[in-house]
Each structure stands twice: as structure tokens, then as C-alpha cells.
Amino acid sequence: MLKLSCLCGQVRVEISKRPDFINECNCTLCSKSGARWAYFHPSEVSVVGTTKAYSREDKEDPAAEIRFCENCGSTTHFTLTASAVSKFGNVQMGVNMRLADEKDLAGIELRYPDGRAWPGKGAFGYVQEARIIG
């Protein structure tokens, strides 16, 4: 089990397993929110504490709602928007792995998708080779 928290500790996230990989995407949303995302089914994640939400305003139908601590502003996780859930089901949640101690992530692959160049469909290209967190 991984236990994470925001900077001030008012939001705590517990995950029942380690992620298979972590994405450090370079799109404006991910880079400006300071997130490294790992993906889980919502049933595998527990979030305790009050968060605020933000969805991209530059996308007609954003799929993710970024959540952050209302006190310290740390990005904690994302959930799918109601529109995305209606299309795909409530099948995915992202957790910001920057909240974890790096030692707890040892051995996990860190990937670098090129979200800025992604056309919105198909596979991501990558800006650099993946590495294993040491």
C-alpha cells in the first residue's frame, strides 16, 4: 500500500498497490500542475480530505478534472469528468506520484509522453527514453 499526502497533510491518498508505470507528460496541463501520473481503477484509491477541482477550459470536452488541496494547492489526483464517465465508464483515476517518497517508487518505470504533440487520438510519442526509478 502506498500512502501519500499533500504538502500540508490535509489531503491523504492511499493506493492499494504500486503502479505499473508513471507518466511525466509534457502537455500544458500536466507540466503546469506539476504532476507525474499513475493510473488506477477508482476502487483502488482512497482520498481523505477536501479538494477543489479544475477542468481545462481550452478543451471543448475535457476528460479529466484535476483535484488539488484547497489549503496548500498541491495537485493530488484526477478523476474523469461526467462526460468521460458517460462515454467510457468510471474506469480510471490518476494519482500524482510526486506526492510519494521516491524510495517507495524504486523499480517503477517512468515514461515521458509527448502530450504537447499528441493529436488527441492514437498512441503517444515520447520525448525521451523511459527510465527505471532508482
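**View 1. The K87–D61 salt bridge.** In this predicted model, K87 and D61 join their side chains in a salt bridge, with N and O 2.5 Å apart. The two residues come from distant parts of the chain, 26 residues apart. K87 belongs to helix 2, while D61 sits in the loop between strand 6 (51-54) and strand 7. K87 is exposed because its relative accessible area is 52%, over the 50% cut-off. D61, at 37%, is partly exposed.

View 2. E102 pairs with R36, and their closest N and O atoms are 3.9 Å apart. Is R36 buried or exposed? R36 has a relative accessible area of 13%, so it counts as buried, which means under 20%. E102 is partly exposed, at 39% relative accessibility. Both residues belong to a salt-bridge network that also holds E24 and R98.

**View 3. The K17–E44 salt bridge.** K17 and E44 form a salt bridge, with 3.5 Å between the closest N and O atoms. The partners are 27 residues apart and link distant parts of the chain. K17 is in the loop between strand 2 (12-15) and strand 3; E44 is in the loop between strand 4 and strand 5 (45-48). K17 is partly exposed, with a relative accessible area of 36%. The model has 9 salt bridges by the rule used here.

**View 4. The largest pocket.** The largest pocket has a volume of about 1,100 Å³. Its lining holds 34 residues, and R56, A63, A64, W118 and F124 lie nearest the centre. Elements giving two or more residues to this lining include strand 3 (21-23), helix 1 (28-33) and strand 8 (75-80). Helix 2 gives the largest share, 4 residues. By class, the lining has 21 nonpolar, 7 polar and 6 charged residues.

**View 5. The second largest pocket.** This pocket has a volume of about 160 Å³. Its lining residues include T28, L29, K32, S33, Y54 and R56. Helix 1 and strand 7 each give two or more residues. Helix 1 supplies the largest share, 4 residues. The lining has 4 nonpolar, 4 polar and 3 charged residues.

**View 6. A nonpolar surface patch.** W118, F124 and Y126 make up this patch, with about 290 Å² of accessible area together. F124 is in the loop between strand 10 (109-111) and strand 11 (131-132). F124 is partly exposed, at 32% relative accessibility.

Terms used: Residues numbered from 1 in each chain as written. Predicted model: local features only at pLDDT ≥ 70, side-chain atom pairs only at ≥ 80, totals over all residues. Heavy atoms only, no water. 1 Å grid on protein atoms, 1.4 Å probe; cavity = no way out; pocket = protein on both sides within 12 Å on 5 of 7 lines; lining within 4 Å. Points joined across faces, edges and corners; volume = space filled by probe spheres on them. Nonpolar A, V, L, I, M, F, W, Y, C, P; charged D, E, K, R; others polar. Patch = residues over 30% accessible without salt bridge, like charges linked within 9 Å, V, L, I, M, F, W, Y side chains within 5 Å. Areas by Shrake-Rupley, 256 points an atom, 1.4 Å probe, with all protein chains shown as cover. Salt bridge = Lys/Arg side-chain N within 4 Å of Asp/Glu carboxyl O. Buried < 20%, exposed > 50% of the residue type's maximum accessible area, 1.4 Å probe, protein only.
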